[in-house]
Amino acid sequence: MSLVIVGSLAFDTIQTPWGRREKIVGGSCTYCSLAASFFTAPKIVGVVGKDFPPDVIEFFQSKNIDTEGLEIKPGKTFHWEGHYGHDPNQRETIKTEMNVFENFRPELPASYRTADIVFLANIDPDLQEDILSQVSHPALVAMDTINYWIANKPDSLWRVLRKVNIFFANEEEIKMLTQEANLIKAGKRVLASGPKLVVTKKGEHGALVFGKNFVFGMLALPCEDVVDPTGAGDSFAGGFLGYLDKVGSLSRKDIRKAAVYGSVLASFAIEDFGFERFKTLTNQEIGARFRHFKKLVAF
Ligand code: AMP
């Protein structure tokens, strides 16, 4: 199968109880594609400025990430600043600077247009819709978002939602989008608008995957040291969709396994700042943590 991921490539300024990092490479597309690269060869769509480090693009390529859809434009790369306190589930966005994303209207390369799985990672929902319209007959379309877009473009978001099969959102976002205080009610409202599955990420409490007649709860790995929670959600989606792309199946059994792989990849992402941990991560470590998860939830 083949997986196309559209999302942000960013400079992130991050502050957590573990320290502060200025303008390190992040972005929804970065985390998601790196996580997916442990299972498949994702194709990415995004834009960066001339200030984006070429060695990071080379690193993507060394991980079998197809960068044909990545544009390098004059100007500055998207910049986001977020702060976390001692509760890693609570973050505050300090700054969002669109920069080269402002006028980004990509034309998908020919080899991307026949993708089987499309992931519309966190990015402007109008862009998500535009890009989706360029893929001919995807078997699976998933999307994610962030509260910035829920606050600024709710109508566009609901329009894209009607066209997707899986909606990934964290608990706070799905409640904000639907204006429901109860998670199940919020999920049902989203299901009523189109998606067959809602994957609600609950940070250190794991994730809940549910559809009309399907529910699967997944623990997050209990972790003492959450160094940087940024990208956990995108890494979850990358592990989840990368695994589905690899096995070429959408059976319920594989959806459950995909959620476990999502949690495994997220659990690695938060162990260090930025995508640092993905530089050294091996398939052996992923396999060992998958088996550990299995023990954790068996009874
Ligand atoms: P996550 O922690 O998985 O929800 O995603 C964090 C990533 O989202 C960071 O690396 C940011 O660069 C990126 N991000 C933050 N705000 C936005 C936005 N408004 N649009 C696109 N990407 C964003």
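The legends below describe close-up views of a predicted model.

In this predicted model, local features need pLDDT of at least 70 and side-chain atom pairs count only at pLDDT 80 or more, whereas totals for chains, interfaces and linings use all residues. Residues are numbered from 1 along each chain as its sequence is written, and side-chain values use heavy atoms, with hydrogens and water left out.

**View 1. The shell of residues around the ligand.** Of the 19 residues around the ligand, those that come nearest are D12, G27, R91, G231 and D234, where a residue counts as near if one of its heavy atoms lies within 4 Å of the molecule. By class, this shell holds eight nonpolar, eight polar and three charged residues; Ala, Val, Leu, Ile, Met, Phe, Trp, Tyr, Cys and Pro count as nonpolar, Asp, Glu, Lys and Arg as charged, and the others, Gly among them, as polar. At least two shell residues come from each of β2 (10–16), β6 (78–84), β7 (91–97), α4 (147–152) and α8 (232–247), and α8 gives the most, with three residues. Helices (H or I, at least four residues) and strands (E, at least two) are DSSP runs, numbered from the N terminus.

View 2. A side-chain N or O atom of S8 is 2.8 Å from a nitrogen atom of the ligand, and a side-chain N or O atom of N122 is 3.2 Å from a nitrogen atom of the ligand. A polar backbone atom of G233, in turn, is 3.3 Å from an oxygen atom of the ligand. The protein covers 96% of the 510 Å² of accessible area that the ligand has on its own, an area that comes from the Shrake-Rupley method with a 1.4 Å probe.

**View 3. The second largest pocket.** This pocket has a volume of about 320 Å³, and among the 16 residues that line it, the closest to its centre are N165, K196, L197, L250 and I255. A pocket is here an open set of points on a 1 Å grid over the protein atoms alone, where a 1.4 Å probe fits, with protein on both sides within 12 Å along at least five of seven lines, and lining residues have an atom within 4 Å of a point. The volume is the space filled by probe spheres set on the points, which are joined across faces, edges and corners. The lining divides into nine nonpolar, four polar and three charged residues.

**View 4. Helix α1 and residue C32.** Nine of the nine residues of helix α1 (residues 28–36) are buried, so the helix is largely enclosed by the rest of the structure; buried means under 20% relative accessible area, exposed over 50%, and partly exposed in between (1.4 Å probe, protein chains only). C32, which lies in this helix, has a relative accessible area of 1%, and its C-alpha atom is separated by 9.3 Å from that of P42, 10 residues apart along the chain.

**View 5. Residue S62 in helix α2.** S62 lies in helix α2 (residues 54–62) and is exposed, with a relative accessible area of 54%. A polar atom of the S62 side chain lies 2.6 Å from the backbone oxygen of F59.

**View 6. Two residues with positive phi.** Most residues other than glycine have a negative phi. Q179, in the loop between α6 (171–178) and α7 (183–193), has a positive phi of about 55 degrees and is exposed, at 71%.

Conventions: A polar contact is a pair of N or O atoms within 3.5 Å; within protein, one must be able to donate a hydrogen and the other to accept it, and residues adjacent in sequence count only if both atoms are side-chain atoms.
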